[in-house]
Amino acid sequence: MVFLRALAFYLLCISSASVSATEEANVTPILGLINASQERSQSHTLEFWAYHEYDGSQINADTLKLRYYNPLNLGDWHGTVRLDTAYSAVYGPQLPAQSTGTFSPSYAMLTIWGGQAGWLGNLGARLTAPLGNAGQWLAGPQVSTSFKPADSKHTLLADISPLARYMFGFSPKAPAGFSAPPLASRLELYPTVGLNLSPSTQIRFWDENGAVYNAASGGWFVPIDAMVTQSINKNLLIAIGGAKQIVQTYPLYNWTVYGKISLTF
């Protein structure tokens with residue numbers, strides 16, 4: 001029943017965000033907010049990420065990520081393509097042969113989302129491919145929207161940008177002699193909120209790490225996630241953040257810290 005309620009919520013989000021108007025978008029502020037889901041830059045962005053994660057049982061994981069954003073325009077439809085790749089090193093005394101934490105390919109990911117003028121949000125999809133000898137393919141749809149203050153220059157609130165995504169697993173693989181992982185089926189929720197600390201500094205909650213519901217076997221993972229971003233100039237941004245689980249009936253990690261360097265050109 002919990003899964004059915006979560007799925008119904010997800011489908012309701014999709015139906016609400018996919019409604020588009022045939023006339024011009026309504027920009028009349030509602031509670032001081034205007035829809036900003038169709039505002040997007042035509043610039044290209046390259047990001048370098050570093051993660052350290054601890055699962056609570058003496059197992060650590062370090063991950064290096066490369067992330068690239070590219071604008072995508074198809075007639076009246078405007079969107080974004082995001083490409084990710086990651087190298088990970090897992091280590092700890094409980095792992096076989098006292099793992100040394102050697103970095104190896106982890107996954108590659110493709111995400112596309114966008115919309116048209118007048119839409120209340122963006123529709124998209126994600127595909128993830130394992131690059132190592134263990135894991136599974138993942139695919140699923142996503143829906144998102146964004147609202148910002150009508151007068152954004154003099155407010156603490158920068159934006160409210162929730163996102164929902166449902167991912168399904170297929171084609172699992174495992175090293176010889178090991179069982180393939182169970183197929184994933186999960187709902188991912190990002191209730192992202194950005195706050196202005198200064199004209200060039202923000203703190204963003206649930207931007208990088210969101211809540212996850214495990215539909216395959218039940219259970220929630222809910223973290224508190226915060227990231228501080230500092231814009232150096234129009235082309236360079238740096239950020240540092242961290243997340244700590246607060247509900248973990250579906251275990252993912254205990255805590256994580258991360259940082260990024262973002263180049264826009």
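I looked up the side chain of Ser 146 and found a polar contact with the side chain of Ser 161 at 2.8 Å. A polar contact is a pair of N or O atoms within 3.5 Å; within protein, one must be able to donate a hydrogen and the other to accept it, and residues adjacent in sequence count only if both atoms are side-chain atoms.

This is a predicted model: local features need pLDDT of at least 70, side-chain atom pairs count only at pLDDT 80 or more, and totals for chains, interfaces and linings use all residues. Residues are numbered from 1 along each chain as its sequence is written, and side-chain values use heavy atoms, with hydrogens and water left out.

Next I placed Ser 146. I found Ser 146 in the loop between strand E7 (135-144) and strand E8 (147-149). Strands (E, at least two residues) are DSSP runs, numbered from the N terminus.

Is Ser 146 buried or exposed? Ser 146 is buried, because its relative accessible area is 15%. Buried means under 20% relative accessible area, exposed over 50%, partly exposed in between (1.4 Å probe, protein chains only).

Then I turned to Thr 145, in the loop between E7 and E8. Thr 145 has 17% relative accessibility, so I noted it as buried. Its side chain reaches the backbone oxygen of Leu 120 at 2.6 Å.

Ser 171 is not a glycine, yet its phi is positive, about 50°. I found Ser 171 in strand E9 (residues 157-173). Trp 206 also is not a glycine, and has a positive phi of about 55°. Trp 206 sits in the loop between strand E11 (201-205) and strand E12 (211-214).

Conventions:
Helix = DSSP H or I, 4+ residues; strand = E, 2+ residues; numbered from the N terminus.
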